[in-house]
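This briefing is for a reader new to the structure. Please look over the sequence and the model first, then read on.

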Amino acid sequence: MQVTLKDIASIINGKVFGNSELIVSNIAPIENAKSGDISFVANKKYLKYLADTKATAVIIDNFSESYNVAQIVVENPYLAYAKLLTKFTYTPTTFIGVSEKAYLSDSVLIKNRDLVSIFPFVYISENVEIGERTIIHSNVFIGKNVKIGSNCIIHPNVSIYKDCIIKNSVTVHSGTVIGSDGYGYARDGEQHFKIPQIGNVVIEDDVEIGANCTIDRAALNSTIINRGVKIDNLVHIAHNVEIGQNSLIIAQVGISGSSKIGDNVILAGQVGVAGHLKIGNNVIVGAQSGIGRSIDDGSVVSGSPAINHSQWLKWAVKYQDLPELIKRVSKLEKLVSGEKNV
Amino acid sequence: MQVTLKDIASIINGKVFGNSELIVSNIAPIENAKSGDISFVANKKYLKYLADTKATAVIIDNFSESYNVAQIVVENPYLAYAKLLTKFTYTPTTFIGVSEKAYLSDSVLIKNRDLVSIFPFVYISENVEIGERTIIHSNVFIGKNVKIGSNCIIHPNVSIYKDCIIKNSVTVHSGTVIGSDGYGYARDGEQHFKIPQIGNVVIEDDVEIGANCTIDRAALNSTIINRGVKIDNLVHIAHNVEIGQNSLIIAQVGISGSSKIGDNVILAGQVGVAGHLKIGNNVIVGAQSGIGRSIDDGSVVSGSPAINHSQWLKWAVKYQDLPELIKRVSKLEKLVSGEKNV
Amino acid sequence: MQVTLKDIASIINGKVFGNSELIVSNIAPIENAKSGDISFVANKKYLKYLADTKATAVIIDNFSESYNVAQIVVENPYLAYAKLLTKFTYTPTTFIGVSEKAYLSDSVLIKNRDLVSIFPFVYISENVEIGERTIIHSNVFIGKNVKIGSNCIIHPNVSIYKDCIIKNSVTVHSGTVIGSDGYGYARDGEQHFKIPQIGNVVIEDDVEIGANCTIDRAALNSTIINRGVKIDNLVHIAHNVEIGQNSLIIAQVGISGSSKIGDNVILAGQVGVAGHLKIGNNVIVGAQSGIGRSIDDGSVVSGSPAINHSQWLKWAVKYQDLPELIKRVSKLEKLVSGEKNV
């Protein structure tokens with residue numbers, strides 16, 4: 001990478017303040033950027049590094065005369081950085097075709113065997129369909145009747161159970177399990193009688209799923225992850241859950257059976273959602289919260305059980321005062337009863 | 001499936017109210033059942049769908065004249081539904097024998113090679129024994145001296161470390177790890193000296209273990225999962241834990257070393273149990289609770305740290321009032337001290 | 001194992017009280033030790049077993065005349081037990097070389113093919129380097145340019161993405177994923193634009209990582225696990241995190257992006273750490289705590305959000321009194337206002 005600021009500005013639709021012929025050769029974080037680097041400030045708390053930065057240029061949302069560094073001003077510096085990085089780290093994919101060391105059932109349907117990569121030790125069951133430009137890394141298991149679209153990346157050691165549907169441009173990271181049985185048993189005296197889990201999982205376009213997640217198949221019908229959802233690592237999604245478009249599910253979240261999560265929702269790390277609930281659109285749930293009731297559109301909640309986030313913030317800074325408060329109340333009671341007894 | 005209500009009633013030991021010669025061809029949830037479907041109501045909150053359902057028949061625990069749908073009355077509709085679904089989704093297993101693409105050590109002992117399925121890319125170490133009608137899916141690892149009984153299903157990408165014992169009719173879902181080293185170190189100055197973990201894991205009959213769980217081997221002796229236990233996904237069970245019969249361990253629970261969980265216990269999602277504790281029989285622990293002390297038989301607890309559940313419920317609806325309460329107490333203090341100073 | 005107490009004392013640097021020619025043949029827990037066993041007491045609450053133990057000898061930190069059992073006195077009985085067990089369970093490793101059923105790219109560099117074990121169905125990508133006496137178990141995936149040092153054990157079904165560096169004497173348990181993409185997206189209208197994750201993971205010497213963990217690669221630079229860190233199962237470590245030497249990260253902990261954990265820290269089970277924080281050296285965080293701000297060296301904290309541990313302990317035993325306290329305050333208010341109204 002050897003690019004002028006002028007060219008960068010044209011890629012990210014920005015305006016250069018400074019010498020637009022300067023050349024940068026690397027993208028680096030502002031804290032340790034060197035001469036020749038371009039960096040970015042997407043968060044006010046990093047502005048403090050600008051005075052002394054050795055970076056050749058910085059992407060920022062407002063020009064400031066106070067800094068001695070060339071600036072490229074854009075509306076969203078983080079997005080501009082992401083696009084720039086994507087452009088300069090892009091390498092065209094070479095497809096390896098179907099490895100002789102993979103096992104494919106005879107009935108597997110691959111649209112174009114030259115335009116896929118199926119690595120050694122992949123096991124693909126009967127009647128599976130795989131689209132173009134899809135990569136299945138080593139040691140992946142794909143069950144019967146699974147359909148995987150085009151431009152997907154299935155990382156090593158993923159398991160996809162029978163009947164699941166994965167559409168286009170979906171990435172699944174290593175160790176994730178899609179379509180394992182939902183957790184359903186009926187009491188039969190002292191014992192638990194297994195409810196057959198005969199539904200599937202449907203994953204729509206542009207979904208990314210992190211490592212070691214588990215997404216259970218529906219009991220009947222489908223567990224559904226809608227378009228554009230991004231799931232972090234070690235997330236559990238139970239049977240018959242549906243997650244709305246573009247929602248963000250952060251690491252170690254657990255969502256219980258049949259709950260419906262709206263569009264553009266954020267569930268922060270380690271959140272738990274009970275079963276059969278409805279979380280509205282644009283809801284934000286703080287880390288470690290416990291959701292035991294349905295939540296209206298646009299709500300911001302925290303705590304276990306979750307309450308209004310601003311109310312939770314007030315509690316959070318005060319809860320340690322409870323033991324002292326109890327003493328204060330006891331003292332008041334003595335005072336007041338003493339007065340009454342006078 | 002094309003069955004008369006009369007035949008269904010005889011399968012699930014129920015009584016038909018309506019035309020027992022009606023034929024149903026599908027099982028569907030009550031919310032979206034169509035003509036020709038049989039459905040069930042196991043939860044009062046779904047009764048509202050009965051007035052307008054298009055289902056041909058419904059399984060229910062009490063006959064009601066108010067609904068226009070044929071009814072089959074049983075004691076436990078959910079169990080009846082489970083048994084019906086099991087009967088109609090049952091397909092006899094065809095065993096593939098031992099795949100040539102699997103690796104089996106010479107000393108592996110398989111009772112009947114025609115009555116097992118061992119899929120490609122399975123690795124089976126020395127002195128392993130495998131019973132009849134057991135299925136080992138692709139990419140599974142089985143360590144030395146492991147014994148697996150009959151009628152087991154080991155899903156893809158499972159790892160079972162050496163010396164572990166899995167009895168009969170056990171199902172293990174993908175990605176689960178059984179017998180990894182317990183987490184044990186002795187301080188040696190600044191460093192941690194590893195305690196050899198030389199025990200094993202024993203899993204009794206009729207246990208089902210979800211996806212991506214971890215069950216550590218004992219330091220000495222055995223980590224034990226007793227008969228009929230059902231474990232959800234992403235559950236962590238540490239070394240030397242024992243879980244009693246028919247207990248239910250919901251997703252993302254973590255149980256620390258040497259704790260003993262009783263029979264028929266329910267640990268709801270994301271519960272944490274500290275080490276060296278005893279949780280009695282028939283205990284129920286609410287979601288996200290933290291157990292830091294032993295719990296008596298039959299207790300119902302919630303919260304972190306866990307308290308009596310009914311007490312926790314009272315706290316849960318009031319805790320957000322604490323900041324306001326502090327203000328009220330301050331005001332009272334002023335009032336009371338003011339009066340005193342008058 | 002058939003060893004005299006004299007020999008054991010010399011191994012663990014202890015002093016025998018009793019007949020130093022007695023022979024022991026097994027190591028067992030004090031609760032169920034039999035004649036011929038040697039046991040240990042590392043925790044005062046196990047002293048009660050000493051009066052009636054059938055063990056031939058016990059390792060202990062203080063000699064007591066009250067017990068009828070031979071005693072070997074050392075400074076740290078738990079460490080002595082660990083070292084003894086290690087010595088007597090040690091079996092020299094036989095290396096199998098490189099299995100013909102593994103797949104290795106031509107450019108893989110293995111220092112000494114006779115001094116490694118690479119099991120069937122392992123996939124090793126281009127330009128990987130592997131040191132001496134390292135064991136790669138079956139169904140492991142190793143990405144391009146990965147470097148693994150000597151004396152490492154990589155258990156089955158582990159995935160190590162490209163460019164990651166694993167130094168010497170590192171153990172990684174089954175199902176763990178190292179180097180999966182960090183969770184980073186920039187908002188682009190309603191959608192999320194993926195930030196390329198072009199850094200790596202560096203794991204220093206003597207680290208042990210449990211089963212089914214996820215350690216994400218850095219966005220830029222490295223996610224770093226420093227020397228001697230011990231990580232339990234199902235732990236999530238996000239991109240650009242650094243964990244200081246000899247820290248202990250217990251099961252199901254989640255650490256968000258860019259947070260720096262100091263040396264000798266203990267994060268107990270199910271702790272969550274928010275992003276961009278600094279946890280000082282020697283910090284201890286109680287189980288299930290939520291860390292939302294940086295923590296000073298040497299602090300002991302608990303709770304969600306975390307507060308001083310001793311303060312949390314006071315809260316923990318009192319929080320259930322809140323509903324009653326609210327009633328008491330209401331009563332006081334009535335009393336006080338009543339008096340005023342008199």
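Is the crossing of helix 1 of chain C and helix 2 of chain C left-handed or right-handed? The crossing is right-handed. The model is a predicted one. The points below cover helix packing, chain contacts, salt bridges and backbone features.

**Helix packing in chain C**

- Helix 1 of chain C spans residues 5–12, and helix 2 of chain C spans residues 77–89.
- Their axes come within 10 Å and cross at roughly 110 degrees.
- That angle makes helix 1 of chain C roughly perpendicular to helix 2 of chain C.
- From helix 1 of chain C, the contact uses C:Ile8, C:Ile11 and C:Ile12.
- Facing them in helix 2 of chain C are C:Ala80, C:Leu84, C:Lys87 and C:Phe88.
- The residues of this contact of helix 1 of chain C with helix 2 of chain C are six nonpolar, no polar and one charged.

**Helix packing in chain A**

- In chain A, helix 1 (residues 5–12) and helix 2 (residues 77–89) have axes that come within 10 Å.
- These axes of chain A cross at roughly 110 degrees.
- Helix 1 of chain A and helix 2 of chain A are therefore roughly perpendicular to each other.
- Helix 1 of chain A passes helix 2 of chain A in a right-handed crossing.
- A:Ile8, A:Ile11 and A:Ile12 come from helix 1 of chain A, and they meet A:Ala80, A:Leu84, A:Lys87 and A:Phe88 of helix 2 of chain A.
- By type, the residues of the contact of helix 1 of chain A with helix 2 of chain A split into six nonpolar, no polar and one charged.

**Helix packing in chain B**

- Helix 1 (residues 5–12) of chain B packs on helix 2 (residues 77–89) of chain B at an angle of about 110 degrees.
- The axes of these two helices of chain B are 10 Å apart.
- Helix 1 of chain B is thus roughly perpendicular to helix 2 of chain B.
- The crossing of helix 1 of chain B with helix 2 of chain B is right-handed.
- On the helix 1 side of chain B are B:Ile8, B:Ile11 and B:Ile12.
- They meet B:Ala80, B:Leu84, B:Lys87 and B:Phe88 in helix 2 of chain B.
- Six nonpolar residues, no polar ones and one charged one make up the contact of helix 1 of chain B with helix 2 of chain B.

**Contact between chain B and chain C**

- The contact draws 70 residues from chain B and 61 residues from chain C.
- Chain B and chain C bury about 5,200 Å² between them.
- Carbon and sulfur atoms account for 60% of that area between chain B and chain C.
- In chain B, the residues that lose the most area to chain C are B:Tyr183, B:His192 and B:Trp315.
- Together these three residues give 12% of what the chain B side buries.
- Three salt bridges are counted between chain B and chain C.
- B:Lys194 and C:Glu208 meet through their side chains in a salt bridge, at 2.9 Å from N to O.

**Contact between chain A and chain C**

- Here 61 residues come from chain A and 70 residues from chain C.
- About 5,200 Å² is buried between chain A and chain C, and carbon and sulfur atoms give 61% of it.
- Three salt bridges are counted between chain A and chain C.
- The side chains of A:Lys83 and C:Asp188 meet in a salt bridge, at 3.3 Å from N to O.

**Salt bridges over the whole structure**

- Over all chains, a search finds 30 salt bridges.
- A:Asp181 forms a salt bridge with A:Lys194, and their closest N and O atoms are 2.8 Å apart.
- A:Asp181 lies in the loop between strand 21 (177–180) and strand 22 (185–188) of chain A.
- A:Lys194 lies in strand 23 (residues 191–194) of chain A, so the pair ties together parts 13 residues apart in sequence.

**Backbone features**

- A:Ser304 and A:Pro305 are joined by a cis peptide bond, with omega about 0 degrees.
- A:Pro305 sits in the loop between strand 39 (300–302) and strand 40 (307–308) of chain A.
- In chain C, the peptide bond from C:Ser304 to C:Pro305 is cis, with omega near 0 degrees.
- C:Pro305 is in the loop between strand 39 (300–302) and strand 40 (307–308) of chain C.
- B:Phe121 is not a glycine, yet B:Phe121 has a positive phi of about 65 degrees.
- B:Phe121 is in the loop between strand 11 (116–118) and strand 12 (123–124) of chain B.

How values were computed. Residues are numbered from 1 along each chain as its sequence is written. Chains are lettered from A and ligands numbered from 1 in the order in which they are written. This is a predicted model: local features need pLDDT of at least 70, side-chain atom pairs count only at pLDDT 80 or more; totals for chains, interfaces and linings use all residues. Side-chain values use heavy atoms; hydrogens and water are left out. Axes are lines fitted to C-alpha atoms, for helices over the stretch in contact, and angles run from 0 to 180 degrees between N-to-C directions. Helices (H or I, at least four residues) and strands (E, at least two) are DSSP runs, numbered from the N terminus. Angles under 35 degrees count as roughly parallel, over 145 as roughly antiparallel, 65 to 115 as roughly perpendicular and the rest as oblique. A crossing is left-handed if the near helix is turned anticlockwise from the far one by less than a right angle, and right-handed if clockwise. Contact means heavy atoms within 4.5 Å. Ala, Val, Leu, Ile, Met, Phe, Trp, Tyr, Cys and Pro count as nonpolar, Asp, Glu, Lys and Arg as charged, and the others, Gly among them, as polar. Buried area is the accessible area (1.4 Å probe) that two parts lose on being put together, summed over both. A salt bridge is a side-chain nitrogen of Lys or Arg within 4 Å of a carboxyl oxygen of Asp or Glu.
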